[in-house]
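Work through the exercises below with the sequence and the structure in view. Each task is followed by a solution in steps.

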Amino acid sequence: MTARKLSISVPPEVEETIKAAAAEEGKPVSTWLAEAAVEKARLAALHEEGRKAAQELVAEYESEHGEIPEQLRRQAREFMMEAGLLDDEPWRAAG
């Protein structure tokens, strides 16, 4: 595989974090950064897959049982936030 050179700018504290993490794993900084970027992209894709699956489940449920009441949606959102499954992003209704 041919490597391509990429120039990035990061704050000093991020530079130190990157260098320390790479050293801890015994990898060059460029290898560590490349692996971190690939992992971040993989997790983002999994997150989007999960979001779409959840939206499909809600849509399927609502098509059979009617719209989920707003109070129950709020309770579910609070539960998911407490469980670390959702951040402060505004709730997106299935659809």
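**Exercise 1.** Decide whether P12 is buried or exposed, and state which helix holds P12.

Solution. The structure is a predicted model. Step one: P12 has a relative accessibility of 58%. Step two: the cut-off for exposed is over 50%, so P12 counts as exposed. Step three: P12 belongs to helix α1, which covers residues 12–25.

**Exercise 2.** Find how far the C-alpha atom of P12 is from that of A23.

Solution. Along the chain, P12 and A23 are 11 residues apart.

**Exercise 3.** Decide whether R51 is buried or exposed, and locate R51 in the secondary structure.

Solution. Step one: the relative accessible area of R51 is 16%. Step two: buried means under 20%, so R51 is buried. Step three: R51 sits in helix α2, residues 29–65. Step four: for a distance from R51, take E15, which is 36 residues away along the chain. The C-alpha atoms of R51 and E15 are separated by 32 Å.

**Exercise 4.** List the secondary structure elements in order and decide whether the chain is a compact globule or more spread out.

Solution. Step one: the chain has three helices and zero strands. Step two: starting at the N terminus, the order is α-α-α. Step three: for 95 residues the globule rule gives 12 Å, while the radius of gyration of the chain is 20 Å, well over that value, so the chain is more spread out than a compact globule. Step four: along the principal axes, the C-alpha atoms fill a box of roughly 55 × 30 × 20 Å.

**Exercise 5.** State what share of the residues is buried and describe the surface and contacts of the chain.

Solution. Step one: 8% of the 95 residues count as buried. Step two: the accessible surface comes to about 8200 Å², and carbon and sulfur atoms account for 58% of this surface. Step three: take the contacts between residues at least 6 apart in sequence; 21% of these join residues at least 24 apart.

**Exercise 6.** Count the charged side chains of the chain.

Solution. There are 12 positive and 20 negative side chains. The centres of these two sets lie 7 Å apart.

**Exercise 7.** Which helix has the highest confidence, and which the lowest?

Solution. Step one: the average pLDDT of the chain is 90, and 92% of the residues score at least 70. Step two: helix α1 is highest, at a mean of 97. Step three: helix α3, residues 70–82, is lowest, at a mean of 92.

Terms used. Residues are numbered from 1 along each chain as its sequence is written. This is a predicted model: local features need pLDDT of at least 70, side-chain atom pairs count only at pLDDT 80 or more; totals for chains, interfaces and linings use all residues. Side-chain values use heavy atoms; hydrogens and water are left out. Helices (H or I, at least four residues) and strands (E, at least two) are DSSP runs, numbered from the N terminus. The radius of gyration is taken over C-alpha atoms; the globule rule is 2.2 Å times the number of residues to the power 0.38. Buried means under 20% relative accessible area, exposed over 50%, partly exposed in between (1.4 Å probe, protein chains only). Contact means heavy atoms within 4.5 Å. Accessible areas come from the Shrake-Rupley method with a 1.4 Å probe; for residues, only the protein chains shown count as cover. Lys and Arg count as positive and Asp and Glu as negative; His and the chain ends are not counted. The place of a charge is taken as NZ of Lys, CZ of Arg, CG of Asp or CD of Glu. pLDDT is the predictor's confidence in each residue, from 0 to 100.
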